[in-house]
Every structure is written in structure tokens, then in C-alpha cells.
Amino acid sequence: MSATPSLHVIRDDIQALNAYAVQDAQGFIKLDAMENPYTLAPEMRAALAARLAQVEVNRYPGPRVQDLKRALMSHAQVPAGFELMLGNGSDELIGLLDLACAKPGAVVLAPEPGFVMYAMSAKLLGLTYVGVPLQADFELDLPAMQAAIQTHRPAIVYLAYPNNPTANLWQPQDIEAIIAQVSSYHGVVVMDEAYQPFSSDTWLERMRAEPDKNAQVLLMRTLSKFGLAGARLGYLVAHAAWIGALEKVRPPYNVSVLNAECALFALEHEEVFKGQAEQIVAERARLQSTLSRGLGLTVFESSANMLLIRLDPHVWAPLCSAKSSDPDVGHAVAAHAFKALKIQGVLIKNVSTMHPLLKGCLRVTVGTPEENNALTAAFESIVQTHPQP
Ligand SMILES: Cc1ncc(COP(=O)(O)O)c(C=O)c1O
């Protein structure tokens with residue numbers, strides 16, 4: 001029998017971590033990860049397959065990646081003086097920016113609850129992470145943010161616009177105040193617009209209109225929610241000086257030839273994906289209204305392709321024999337609803353334990369009309385099979 005290997009050389013903090021868990025979604029209606037639910041039409045699949053068949057996979061990525069950069073710059077209408085950098089998903093870009101800014105004692109700051117990778121990446125790369133709680137209505141707590149920024153002088157502030165998992169857009173004047181404060185000591189603010197295809201606003205308009213005020217802003221986007229989560233393509237738009245510096249930490253071939261060709265193909269058919277985003281936005285409104293009726297659910301306003309839902313303990317506690325007065329009833333009802341939906345074949349995300357402000361909350365992705373109907377029907381059957389006392 002071979003000896004048990006020693007992991008002695010691996011950092012203690014990494015040994016103590018849990019790896020990022022991806023739920024097994026096989027056989028479920030998959031509403032857990034904010035993916036675009038629409039697959040490509042058969043003729044588009046055939047056209048994509050023909051394109052991919054031409055790709056020279058024996059060669060390192062080359063000019064097609066430059067073509068993709070140009071196509072994305074035109075797709076995003078990047079203003080003059082700004083440049084674009086590609087990442088293997090936004091996740092990689094977060095890591096590269098953190099790496100580039102990891103001077104001794106450097107701090108990353110973000111509002112919470114927020115996207116988990118901001119904290120995870122900072123910790124992995126040796127930066128100190130500071131989370132600042134949102135207000136109970138999920139708006140930014142501007143005085144708390146300003147105080148924390150003054151105390152910690154973070155190198156990087158991440159603002160997801162809209163935010164995950166709360167799905168809301170924050171007040172532009174609050175964001176402007178944060179950008180002004182962080183710019184005053186030459187820190188950087190990342191406007192993470194992963195959910196831009198479903199949002200009514202983009203910070204890029206302000207970067208275009210007021211480039212000087214936004215010189216310390218990096219705009220981050222991804223093609224994941226657009227419809228290419230599997231192809232792993234994120235991009236950063238910023239003043240050319242920022243991109244020039246960050247290019248130094250980018251692995252030379254971080255975007256594969258297959259991903260690049262797939263993204264180029266998708267951008268050539270951007271009207272198809274735009275149509276899908278419009279359908280998702282329409283479905284978001286319909287799902288919000290159906291889930292808000294008689295199911296003991298508060299559904300928060302959303303500017304993304306997800307809905308954050310809070311379970312009313314008065315309706316849900318009796319369904320799982322919990323007491324609505326129990327301080328942990330939120331976690332009990334969320335765990336119950338998550339499990340009951342799973343039994344009905346619908347996979348969502350239980351975010352109740354992610355942050356105290358999310359107690360009793362679930363996050364669902366907006367799917368196709370059929371998937372959304374199945375989610376509503378599953379909620380109805382859970383509530384109806386246990387009549388309220
Ligand atoms: C706010 C936010 N930023 C970035 C990402 C990561 O996107 P990507 O798939 O490009 O790595 C996500 C993914 O869910 C997200 O919610």
C-alpha cells in the first residue's frame with residue numbers, strides 16, 4: 001500500500017478552507033446559478049459546430065482572441081481612451097486584480113451580502129477582506145461604507161451593480177460618493193456588471209460622460225449571464241493605463257481558442273441573446289407577481305435574472321413544525337422549502353445562512369416560462385399539502 005501523501009507544503013489557511021461547492025443539478029429544473037435557460041436552436045448549434053471544427057486546437061490562442069477583444073469593445077461600446085482585458089470568466093479577473101494589488105497590508109472591501117468570490121479571492125491571495133453590511137432593505141449603508149473606507153483605505157472596493165444575491169441596483173449618488181472617496185487616495189472601485197443584460201442601468205454611461213470622475217473605476221462584465229456560462233468569458237473595461245498594468249498578470253493564453261470562437265459566434269448573433277434577455281426580464285415580472293400571491297413569500301424587486309425571496313415564518317413555520325417565535329426559524333423554514341422544492345424536482349439556492357440579513361431567504365434564477373410555472377406549482381403544492389392552521 002502506498003504511503004499517505006503529506007500536504008505539509010500547502011498553506012495552513014488553504015488546508016482549512018472548503019472548496020467552492022457546486023450543487024449536483026442532474027435531473028433537476030436548474031434554477032440555482034443564474035444561467036440563461038435557453039439553449040441554441042438546432043441550426044445555430046450546427047453552425048457553431050462547423051465553426052468550432054475549423055479551429056486549430058493544436059495552436060496556442062492567437063489572432064482570434066484579438067478579434068474577440070475588438071468584437072467585445074464594439075458590443076459594449078467602449079469609450080475612446082478605454083481598453084478591454086479578457087478573463088476566463090469574471091472570477092479570474094477578480095483574482096488577477098487582487099493579485100496585482102496584493103501589496104503588504106492591502107485591503108479589499110465590499111458590501112455584504114454580496115458575491116462570495118470577492119472575499120474568497122482576497123483571502124486566497126493574501127489581502128485582508130472587509131465586509132460592510134447593507135441596510136435591512138439591501139440599500140448601501142453609505143455612512144458605514146464611508147467610515148470603513150476611511151479606516152481601512154481599501155485598495156479595491158467591489159460593487160456589484162446589480163448585486164448578487166439581493167438583485168438590486170444601488171443608488172447612483174451613493175456609488176458616486178464612494179468612487180470620489182476611494183479615488184481621493186488612488187484606490188480602485190470595480191463596478192461588477194455581471195447582470196447587465198437584465199439591468200436598466202450601466203455605469204459605463206457615466207464612465208463615457210465623465211471619464212475624469214471615473215478614472216479609478218474598472219467596469220467588469222461577463223458573457224456568463226448573457227448565455228455563455230459554459231464558455232467562461234469575462235472582461236474588464238478601464239482607462240488604458242489600468243489595462244496596461246493588469247495585462248502584466250494575465251496568463252498569456254487564459255482564453256482558449258474554443259471559448260473565443262464560441263464567443264465571437266455568439267456576438268455575431270447578439271440579437272438572439274438580446275431577445276432571450278428580454279424574455280427573461282418579462283418572465284421576471286410574471287414570476288415575481290405569481291410568487292407574491294398567497295404563498296407566504298416576499299419577493300424583492302430585481303434588476304437581474306434572479307429573485308430573492310423571503311419566507312414568512314407565520315406561513316412556513318407550521319409547515320415544518322418550527323415555532324415562528326424561534327430566533328432561528330428563518331433558517332428552519334428556508335431549509336425546509338429548499339428540500340421540499342428539491343423533492344419536487346426544482347433546484348434553487350438556499351442563502352439563509354450566507355449572511356444575517358438573508359435569514360429566511362432563498363434565491364431563484366428566472367427560467368423559461370415552463371420552468372417558472374413548475375417552480376410556482378411546486379411552491380403551491382408545498383403550501384397546499386400543509387394547510388395553514
Ligand atoms: C456579481 C457576480 N460577479 C461575477 C460573477 C462571476 O461570473 P463568471 O461566470 O464570469 O465568472 C458572478 C457569478 O454568479 C456574479 O454573481
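How far is an oxygen atom of the ligand from an N or O atom in the side chain of Asn 164? The separation is 2.8 Å, and the notes below start from there.

This is a predicted model, in which local features need pLDDT of at least 70 and side-chain atom pairs count only at pLDDT 80 or more, while totals for chains, interfaces and linings use all residues. Residues are numbered from 1 along each chain as its sequence is written, and side-chain values use heavy atoms, with hydrogens and water left out.

1. **The ligand site.** The ligand is surrounded by 14 residues, the closest being Ser 90, Asp 192, Tyr 195, Thr 222 and Ser 224 (near a molecule means that a heavy atom of the residue lies within 4 Å of it). Ser 90 uses its backbone instead, with an N or O atom 2.7 Å from a ligand oxygen. Taken alone the ligand exposes 400 Å², and the protein buries 92% of that (Shrake-Rupley method, 1.4 Å probe).

2. Seven strands form an open sheet in the order 2-8-7-6-5-3-4, with mixed pairing. Its edges are strand 2 (82-87) and strand 4 (128-133), each pairing on one side only, and the twist averages 25 degrees from one strand to the next. Strands here are DSSP E runs of at least two residues, and helices are H or I runs of at least four, numbered from the N terminus; two strands pair if DSSP finds at least two bridges between them.

3. **A link from sheet to ligand.** Strand 5 (residues 156-160) and strand 6 (residues 188-192) run parallel over five bridges. Ala 160 has Asp 192 as its bridge partner in strand 6, and Asp 192 is also among the residues closest to the ligand.

4. **Helices on the sheet.** Helix 3 (residues 63-76) lies across strands 2, 7 and 8, at about 125 degrees to strand 2. Helix 5 (residues 116-124) lies across strands 3, 4, 5 and 6, at about 160 degrees to strand 4. Axes are lines fitted to C-alpha atoms, for helices over the stretch in contact (heavy atoms within 4.5 Å), and angles run from 0 to 180 degrees between N-to-C directions.

5. **Thr 365.** This residue sits in strand 13 (residues 361-365). Thr 365 is buried, at 2% relative accessible area (buried is under 20%, exposed over 50%, partly exposed in between; 1.4 Å probe, protein chains only). A polar atom of its side chain lies 2.9 Å from the backbone nitrogen of Met 34.

How values were computed. A polar contact is a pair of N or O atoms within 3.5 Å; within protein, one must be able to donate a hydrogen and the other to accept it, and residues adjacent in sequence count only if both atoms are side-chain atoms.
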